[in-house]
Each structure stands twice: as C-alpha cells, then as structure tokens.
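This report describes selected local features of one protein model with a ligand. Please consult the sequence and coordinates alongside the text.

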Amino acid sequence: SILDGMKDEEEEKEDEKQIKKLAAKSAFDKLQEDRKMLPMFPYREELLKAVEQYQVLVIVGETGSGKTTQIPQYLHEAGYTKNGKIGCTQPRRVAAMSVSARVAEEMGVKLGHEVGYSIRFEDCTSEKTILKYMTDGMLLREFLSEPDLASYSVMMVDEAHERTVSTDVLFGLVKVFLFNNGSVVMISFVKDITRFRPDIKLLISSATLDAEKFSAYFDGAPIFRIPGRRYPVDILYTKAPEADYLEAAVVTVLQIHVTMPPGDVLVFFTGQEEIEAAEEILKTRTRGLGTRIGEMIICPIYANLPSDLQTKIFEETPEGARKVVLATNIAETSLTIDGIKYVIDPGFCKQKSYNPRTGMESLIVTPVSKAAAQQRTGRAGRTSPGKCFRLYTAHAYQTEMDDNTVPEIQRTNLGNVVLMLKSLGIHDLINFDFMDPPPAETLLRALEQLYALGALNDRGELTKMGRRMAEFPLDPMLSKMIVASDKFKCAEEVVTICSMLTVGNSIFYRPKDKQVHADNARMNFHSGNVGDHLALLKVFDSWKETDFSTQWCYENYIQVRSMKRARDIRDQLEGLLERVEIEAASNPDDHEAIKKAITSGFFYHTAKLQKNGSYRTLKNPQTVTIHPSSGLSQVLPRWVVYHELVFTTKEYMRQVIEIKPEWLVEIAPHYYKKSDVEDTASQKMPKGRGRAAMD
Ligand code: ADP
Ligand code: MG
C-alpha cells in the first residue's frame, strides 16, 4: 500500500542518516588517530609543563611536526581557553585560512565558530572563537585597539623564522606593552601603566634551528626542541647553469613522472604567473603521453588562489596517479603537504627590495638563501626517503647564495610601521628594540614621507590627519587618498578605486584565443582617456548597475572573483568612513576632484614626459615607462601620477592618471615648490640630477 511505501522511504532516509553519521564518526576517529602520529604528540605533556612554568617559550621543530595545528589544541585541552583566546599568527593569509580549516575539522567544529581565522578584509571568527589563527599583520592592527591583548591568554607567534616586518614589530610591541621591559619611557601616553600582562603566555615557534637569537631577544627564554623525523634526501645539482629555469623545471617534472617510482612532486616557483605558465605547459605536454603513463594531477598553490581550490593540494593521491604541486615559497615551511617524495628547486623567490634613497620599492626575483634551499630540500623527506633536484650548480650554491635571508624589515618601506608605532604613542623609533634594526635611512625616509602626507607634524608627532589615516588597514598613501577625498567630496568614488587597486592586477581577463575581444572590451572603460584609476571606477560602477551580474563580467572579460573581493573590501572601507568622520559623498562626474584626491596620496609618484616618449620621475629622477596594459600607454600625457612601479624588462608605471602640475604645489606644499613643476625649469636638467639616477 501507499502507507507501506512511505514508511520504507522514511526508514531508508533514517538508514542513510545513520550511515552518514557513522562515516563522519570514523573520519573523525581517523583524524584523532592521525593527530597522535605526529612528531609533536609524544612531547605533549612535556610541552604543557614548560608552558606552565615559563612565560616565554621558544619552540623549534621541523615543518610538519604539528606545531601550528596541535599546540593551540593542546593548550585548549589543558584549559588555557578558560580565561581568554589562544591566538596564533601566520605570515601568510593562505596558511591562516588552510590551517584553521584543518584544526576546525580536527575539533569537529564549524570554521568560524570555536576555531576561526582573521586576515585583512576577511574576518571569519565569532563571539565563540577560542582558537584564532590570523596573519601577523592583523595582530599588529589589534594592538591599536587592545595594546595589552587583554582578550588573549596565549599568543603563539608562529613561523617566526620568516622574520616578516609584522612579526619583528610584534616582538618589539610585546616587550613594550606586555612585559614592560624597561621600555616604558618610550611611550608618551601611557593609559594605564600597570596593565602589563604577567599572566599571558608567549610562544615563539620556528622551523629552523637557529632559535638562540629569539631566545636571546627575550632575555634567555628557554628553547623547547621537538626532534624531527626526517628521512634522507638525495640532492642533485645541474652540471651547468640553466638558462630558463621554468623550462628546466617542467622537463624535470616530466622526467620524474615518466621514469621514477611513485611519489608526489613539489616544485617551487616565484609567483602566480610562473605557476600558471608551468601548469599550461605541463598540461599540453602530458596530453600526448598515452595511457601507459599514470595520470598527473597538477595542483597550484599561491597567495591569491581561491580557497575552494586550496584544499585540492591536501587530497590524497589516487593509486597509480602522481600529484605535482606547483607552489610559491608558501610550501617552504608554512604548509605541509604529505606524500612529497621529489622536490624541484629552481633556486629563486620573489623578494621585496627597497631603496631608501629613491624611496622606490619593488618585487624582484632573487636567488634564495642556503637556509631556504635546505628547507625546500627537507620537504622531500617527510614520509620516506626522497630526492631534491636543485636547478643550479653546486658551485653556485657554495659561492652565490647567502647563508640566510635578510629580514624583511631591512629591505622594505616602513611608512606603515612608523605610522602604527606613532599611533601607539611610541616616538623614539631609533631606540625601539628591534631584533634587527632597520637602516636609519629607511626610518628617516618613512618619517619624511609621513610628514609630507600630513600624518606627522614638524616635531614628528601624529596629527589628526595621521590618526585618521591609521584607522585604515592600508598603506599610508592609500589611506591619505581616502581621507583627502573628504575635502574633494568624492569619498564613495575614491573608496571604490582604492578597493579595486587593492585587489591588484587580476580584474581584467585576457584569454589567449580572444585577446583582441578582451582588449576591446577593456578599452571601453577607458573612453575619453580618463586614466586607469577612473577606468577601474567605471568597471565597478557598471557592474554595480547590473546588480553585480556574473554574466556581465563574462561579457566584459572581467574576473568575477576579483570583483567580488573588491566589493568585500569596499564594504569594509566604507564602514570605516564613519569612524573617521568622512562624509560618504558621491561625485562620479567630477574627474578633477577624484584625481586630486588620488594625487593627495600619490604625489610622490609623479612623472613627467621626456622627448623620447619615456618618463622621468620628478624627485629622485629615474627613467620609467607607462605599462602597456595602461589605457594611457599610447596617449602619453605630459604629467602623470602612477600607482606602482613594476620592474620586468624595464621600470614600468602601472595604473596611471593624467594630472596638472599646479595641483602638486596646491596639494603637497611640503614636498613640491613651484620651481619643481615649471615646465621650462625641468627641461634643462641640473647636472647633479642626471647622475644621481645612474648610480
Ligand atoms: P608544523 O606547523 O609543525 O609545520 P602542521 O601543524 O602545519 O605542522 O602540520 C601537521 C600535519 O597536519 C601535517 O601532516 C599536515 O599535512 C597536516 N595538515 C595541516 N594543514 C592541513 C590541511 N589544511 N589539510 C590537511 N592536512 C593538513
Ligand atoms: Mg606550521
């Protein structure tokens, strides 16, 4: 009868539920078993004892021991979350996201509830969150609102060996605000001097063995070493230098795939473009291999990879197939991928470099250090003996590679850091207890720049402008542009432009077989030669008019994913406007107002056209060119402001607008004199200037 049928269906559903429950339970049980297999596990009790005994502990253990995923869980299990959260910082956003997802899974909770992550423009935490993974930059920002980190019982500064600027500054701030280590004199407005934290625990974890430096910095804090389990790795060098390391890497992958025993491959590249190029070549070349060769599963991993694709690298490789992970140096120590047997190391990474004399910052492909090369090699021997193919000669390793990477704080613009320290009331930057101090020239540059932007007064004190700027999680020039937009009554537009610039260069999409169509679509947004910033504004506003249509993005060769990210960023920035009392005014047709607001932040980046069609930056003259992707690359306006410089074959200005030179004196009187912007005066270049650019 009908009734019987219904009952059966119900029963079936019930059975299905039971089966699912059992499957989930066995997956959960397996995860718990896996946790006990990690090298960290036998040291659980000993570690907990050490944490109880000491306020600061340096923890050293090989990548993959379980430091990041296990230590916060152990502490939680031992009750440390009763009186506060456990924080764990990561230098990279992808790591914060991926590791927190794993820990949520291990604890059987939903990501964002008890376990969450916080990265710039994305907060996946809630009231419930007790284990919080975050980028080190986000923790720095938390200091602004909570300098004693009152809501935390434990802070774990993870991947300390990476020595990012944020981690280094965090260390200094911890000393000032949590430990009160005789640095008190440096703080000018001490809200409540007794509020240091004898109760908070600070863990510093590192994957490299030179932990003594961290220990010494924290007054001889004890070092807890977790013995690694590592299998031997054969290191193979090339006989002669490789002319094209990408090609060499691809060939090596194919050779391993065709001739070597099972085991996954990890290749280190310098960035997304290289990874995508390698992926494409590998796909084309494996097509012809036939069915006798096993399947090759290619998994890219880099900072901007969407999170749904990030989980793919952790999936188990099916029998007979081989996984090939194409990674940036995120896979050096931040993420552990099980099953890697072969590592290919071309020996390069992308590194920030900064010239305080010219104030120019750039990303440059540089040889890695010996320490980094050793880390990369180690990834091949985690679960069985492995091989590492170094695509450079043994001689190059010995003679051309530095022992260690120079800490980022010594090769980056510190405008951000200085603004933050000033907002925290720390004035004496020269005597701030940096683990490795930045060059004095770099600090001076940052002070000068903040002064020119109006963030500091002539005594180096924070101004109201500076205080407002510090509210935005952006570089000072971008923050200034937003704060300045208030005066020009175009905050809505400037916030949009800012969000689009922050997303980076992944807005427009240019498929190989449809380049002409894509370029035409792109040029539509440039009509009237409005300049790249205004074109970005037009893209966003047009998309908004279609009610954020995905179809519209396809038709216009625009990456919908990037647009959604821009929208998220925009929402957050807009939320901050009110906090700093900026009126959300809109004035889309007044291009002059919008460009003046942009110039208020970016007047440093002014360049003037030369007779030969190249440009010269105004102060600290350098020869630069408009990037071919710019809407103005054929227009060549006389005066331009650019967003950034990228060095490929030459120095290119990316994202450019045309300006009037008289704006510079009006907008940045601390920086430009009338004589700087007079057309005739700069045609005859004074002798000294031409030489300065050459050395
Ligand atoms: P460490 O911090 O010491 O380098 P981790 O705690 O990151 O070690 O890693 C411990 C184990 O957890 C490794 O076997 C790693 O493969 C696994 N793991 C970490 N993150 C993930 C993830 N997102 N998905 C699957 N496994 C993961
Ligand atoms: Mg880790």
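Which residue in the turn of the hairpin formed by β14 and β15 has a positive phi?

## Basis of the model

The model is predicted: local features require pLDDT of at least 70 and side-chain atom pairs pLDDT 80 or more, whereas totals for chains, interfaces and linings use all residues. Residues are numbered from 1 along each chain as its sequence is written, and chains are lettered from A and ligands numbered from 1 in the order of writing.

## The β14–β15 hairpin

The residue in question is G359, with a phi of about 75 degrees; 4 residues separate the two strands of the hairpin. Strands β14 (residues 348–355) and β15 (residues 360–367) run antiparallel and are joined by 8 bridges. Pairing requires at least two DSSP bridges between two strands. Strands are DSSP runs of E with at least two residues, helices runs of H or I with at least four, numbered from the N terminus. Q351 has I364 of β15 as its bridge partner.

The shell around ligand 1 holds 17 residues, of which K67, T68, T69, R102 and F314 come nearest; a residue is near if its C-beta atom, placed from the backbone, lies within 6 Å. Helices α3 (67–77) and α4 (93–107) are the elements that give two or more residues to this shell. By class, the shell comprises 4 nonpolar, 10 polar and 3 charged residues, where Ala, Val, Leu, Ile, Met, Phe, Trp, Tyr, Cys and Pro are nonpolar, Asp, Glu, Lys and Arg charged, and the others, including Gly, polar.

## Residue D219

D219 lies in the loop between α7 (212–217) and β8 (223–226). The C-alpha atoms of D219 and V56 are 9.3 Å apart, although 163 residues separate them along the chain.
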